[in-house]
Amino acid sequence: MKVRVYVDGFNLYYGALKARPAARWLDLVALARLLRPADTMDAVRYFTARVKSDQDPTAPGKQKLYLAALGTLPEVSVHFGQFRTHPVAMPLADPGPGKRRTVRVLKTEEKGSDVNLATALLLDGLDGLYESAVVISDDSDLESPIREVHQRFGPVHVVSPRGPSSTPTGPKAPYVMSHTGSSWTPLESGLLFAAQLPSPLILPSDRTIYRPPSWS
């Protein structure tokens with residue numbers, strides 16, 4: 001089948017890559033082909049936002065390097081949301097007698113990736129650009145668009161970066177996402193390590209880039 005792959009970048013990072021630095025130099029095309037070896041894959045859409053240096057001054061540089069590496073893969077297109085920082089009042093865990101019960105903090109949130117992914121998934125389906133789709137995300141906000149695409153345009157295979165959640169009776173798949181598309185499967189860590197970009201890597205500009213040392 002003709003398949004397109006839609007990757008929720010931050011969901012993938014926090015669900016599978018944050019704890020595995022050596023897997024972060026990820027070849028999304030190789031991963032897509034490992035996930036659907038019998039299908040014909042013509043496009044991988046990657047949804048992310050440009051990170052800030054608030055907590056890690058090296059993060060923007062490493063992301064820029066990774067995005068440059070993805071730019072060597074003609075099948076990959078990158079779609080940006082944005083980070084928004086705003087003050088919010090948060091309750092204190094233990095304010096103590098007679099003390100103020102809230103504190104104002106700056107909260108940074110990534111906005112737009114889930115909407116951008118859902119929009120691309122629906123419009124690509126409407127344009128007949130795939131026979132089946134793969135969505136790499138655990139974001140339950142995608143439940144409705146995935147369900148609609150599954151009913152209108154073809155199978156949607158949900159791949160979970162986080163995998164089954166722990167319950168008193170044992171591991172269990174998240175109900176919402178596992179009952180949304182045609183299939184639900186956890187993203188095996190072995191596939192991440194098997195789908196790594198080369199290092200060094202030569203860009204179209206003839207510049208040579210390397211995997212960040214902290215990702216080795």
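What share of the contacts in the protein chain with a separation of 6 or more comes from residues 24 or more positions apart? The share is 70%. The model is predicted, and every value below is computed from it.

The secondary structure of the protein chain consists of 7 helices and 12 strands. Of its 216 residues, 42% are buried. The chain exposes about 11,700 Å², and 54% of that area is supplied by carbon and sulfur atoms.

Helix H3 covers residues 59-70. The buried residues in H3 are Ala59, Lys62, Gln63, Leu65, Tyr66, Leu67, Ala69 and Leu70. An α-helix has 3.6 residues a turn, so residues three or four places apart point the same way. The cover over the buried residues of H3 includes one helix, H2 (28-35), and strands, among them E2 (40-48), E3 (76-80), E11 (201-202) and E12 (208-209).

Tyr66, one of the buried residues of H3, also belongs to an aromatic cluster with Trp25, Tyr46 and Trp215. The structure holds 6 aromatic pairs. In the pair Tyr13 and Tyr14, the ring centres are 5.0 Å apart and the planes meet at 85°; the angle is over 60 degrees, so the pair is edge-to-face. How exposed is each of these two residues, Tyr13 and Tyr14? Tyr13 is partly exposed, because its relative accessibility of 26% falls between the 20% and 50% cut-offs. Tyr14 has a relative accessible area of 55%, which is over 50%, and therefore counts as exposed. Another aromatic ring, that of Phe80, has Arg50 over its face, at 4.1 Å from the ring centre.

Gln196 sits in the loop between helix H7 (189-194) and strand E11. What does the side chain of Gln196 reach at 3.0 Å? It is the backbone oxygen of Ala23. The Gln196 side chain also makes a polar contact, at 3.2 Å, with the side chain of Arg211. With neighbours within four places in sequence left aside, Gln196 is in contact with Ala22, Ala23, Arg24, Trp25, Leu26, Asp27 and Arg211. Trp25, one of these contacts of Gln196, is a member of the aromatic cluster that holds Tyr66.

Key
Residues are numbered from 1 along each chain as its sequence is written. This is a predicted model: local features need pLDDT of at least 70, side-chain atom pairs count only at pLDDT 80 or more; totals for chains, interfaces and linings use all residues. Side-chain values use heavy atoms; hydrogens and water are left out. Helices (H or I, at least four residues) and strands (E, at least two) are DSSP runs, numbered from the N terminus. Buried means under 20% relative accessible area, exposed over 50%, partly exposed in between (1.4 Å probe, protein chains only). Contact means heavy atoms within 4.5 Å. Accessible areas come from the Shrake-Rupley method with a 1.4 Å probe; for residues, only the protein chains shown count as cover. The expected span of a helix is 1.5 Å times one less than its number of residues. Rings of Phe, Tyr and Trp (its six-membered ring) pair if their centres lie within 6.5 Å; planes under 30 degrees apart count as stacked, over 60 as edge-to-face and the rest as tilted. A charge sits over a ring if NZ of Lys or CZ of Arg is within 6 Å of the ring centre and within 35 degrees of the ring normal. A polar contact is a pair of N or O atoms within 3.5 Å; within protein, one must be able to donate a hydrogen and the other to accept it, and residues adjacent in sequence count only if both atoms are side-chain atoms.
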